[in-house]
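This briefing describes the fold of one protein chain.

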Amino acid sequence: MADDFATTHRPTLDQAMQAARSRTHFSAYPETPSGKIYGEAAKAEAEAAFNSLLNRPFEPGARQIGAEVSPWGPTFGITYPALDVATLVARAEAAAPSWAAAAPESRAGVCLEILRRLNRDSFLMAQAVMHTTGQGWAMAFQAGGPHAQDRGLEAVAYAMEELSRIPGTARWVKQAGKEQLVLDKQFRAVPRGVGLVIGCATFPTWNGYPGIFASLATGNAVIVKPHPSAILPLALTVRTARAVLAEAGFDPHVVQLAPDTPEAPIATELATHDAIGIVDFTGGPTFGRWLREHVGGRKALHTEEAGINPVVLHSTADFAGLCRNLAFSLSLYSGQMCTAPQNIFVPKDGIETNEGRKSFDEVCAALAAAVDGLLADPARAAGVAGAIQNPATLERIAKARSLGRVVRDSAPIPGQDTARTATPLLLAIEADACEAWGEERFGPIAFLIRCPDAQAALDYAAGSARARGAITALVHATDEAFLARAEAAFARAGVALSENLTGGVFVNQSAAFSDYHVSGANPAGTSCLTDAAFVANRFHIAMARRPAAA
């Protein structure tokens, strides 16, 4: 069966590998939630399937845990079987050898069959992601389904690219004087160990799939430890993976779910276990720092942490488009994205635009008005901004109001009384108040920072990215020389730069197969999703050699 999967999915894998080489647009999984693509009854069937999961155990097990509550209001009542670390590791180690021994093409075929079935169930995953993260339904479908699946496929493509560089055998011939030395050599890729994927609460699949599928494709068993408030999306993922593995003749314990609770976390015990060879983590810098101190150097560690993503305004040929585009970026999922902009650096004398010079205050007012216009309709506002995943974010908004002059206040979205919602808070602040804007304020909080001039704005933006970490940056300028300086500055800072976005592309977006997400070159993370380094250190190469037979 594994070979059948490999044959069936080889064309998709070849396309994915070519797309990763060329960095052109490619998507294997349709992002449009259309009944013509996924089936006319897919949405209704998914809602029924989701409802059938509520208020019962997800799977049988002696010890059940789980207390997920939707940011949109409902309590799940779903519990999940929980195992101790020793049992999880023992099962993974027992399942790992046969998986490691499989041909890379067979493992890739299994991975792509898992992704195919996850794609088939994208409407169900949308329900799970929406009700665990607070994303609007359309965003939950795309980011939790097809876009996450593309990220998983991308990781498999990179893994296959790196594994394909290793010849299985070679005959080595060297002339040593009159003697000819001839050796037959064998090379094999040996998995690094059990992979641990520690999921996040806001993008459990989009951030989780790269690590899961990179480790699987390189022959490692995987333990998936979801965030306690967002278990269901990864539980569905693991259930699908285990079913495919069993059908393909492998021990399903190659992939396991390891849920825990805030009161009894197991991530540290798992991460430091000797059998764990790879750790993938998405989350805050506090635990990221702990992992770097206690795991980094001994294991392959891949983290995505916090960032203070900057925007630099120098000038623009489309001021209205700038404001609309930036307003959407600030509002999308209420700023609960690792790519969302936080710090908007503006010269104190304003910026040149196609509508004439706009003062600092005029820029502030225009951006606030653009956010108001975008969110004026409550139904649209709910779809764009979604709900607040963690109640602590509302507390963070309340405390942030005192950090600067309120240009636009945050408020709940009308008509969403059962949900936690908050529109963007915009604060005007001076550049020297870096204690306020110089750290991540996760959620719908943004600063309009008054700078001495445009060059100072760029210096502040790039400098803060190097020091505190950033994943994305945005610059608006009509001056090519300034754009060139910005490109060089953010390249040194290890930040992906967008320039002059005024249309349907937003700084928040990161496209699989084309955009390198996170660089590993600043404190926002230790690795990139996805490049060769992300997969290459998940295995080592073992060699055996002997004199060639006469």
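The points below are grouped by topic.

The model is predicted, so local features need pLDDT of at least 70 and side-chain atom pairs count only at pLDDT 80 or more, while totals for chains, interfaces and linings use all residues. Residues are numbered from 1 along each chain as its sequence is written, and side-chain values use heavy atoms, with hydrogens and water left out.

**Overall dimensions**

- Along the principal axes, the C-alpha atoms fill a box of roughly 85 × 70 × 45 Å.
- Of the 550 residues, 55% count as buried (under 20% relative accessible area, with exposed over 50% and partly exposed in between; 1.4 Å probe, protein chains only).
- The chain exposes about 21,600 Å², of which carbon and sulfur atoms supply 53%; accessible areas come from the Shrake-Rupley method with a 1.4 Å probe, and for residues only the protein chains shown count as cover.
- Among contacts (heavy atoms within 4.5 Å) with a separation of 6 or more, 74% join residues 24 or more positions apart.

**Secondary structure and sheet**

- The chain contains 20 helices and 17 strands, which are DSSP runs numbered from the N terminus (helices H or I, at least four residues; strands E, at least two).
- An open sheet of 7 strands has the order E12-E13-E14-E11-E10-E15-E16, with mixed pairing; two strands pair if DSSP finds at least two bridges between them.
- Its edge strands, each pairing on one side only, are E12 (405-408) and E16 (496-499).
- Strand E15 (residues 472-476) runs parallel to E16 and is joined to it by 4 bridges; leucine 474 stands opposite serine 498 in E16.

**Nonpolar cores**

- A nonpolar core is a set of buried Ala, Val, Leu, Ile, Met, Phe, Trp, Tyr and Cys residues joined through side-chain atoms within 4.5 Å.
- The largest core has 87 residues, of which Val110, Val156, Ile212, Phe213 and Leu232 touch the most other members.
- Not counting residues up to four places away in sequence, phenylalanine 213 touches Cys111, Ile114, Leu115, Leu118, Gly152, Ala155 and Val156.
- Another core, of 34 residues, lies apart from the largest one and includes Ala400, Phe447, Ala477 and Leu483.

**Glutamine 127**

- Glutamine 127 is found in helix H6 (residues 122-133) and is buried, with a relative accessible area of 7%.
- Not counting residues up to four places away in sequence, glutamine 127 touches Ala46, Glu47, Phe50 and Trp137.
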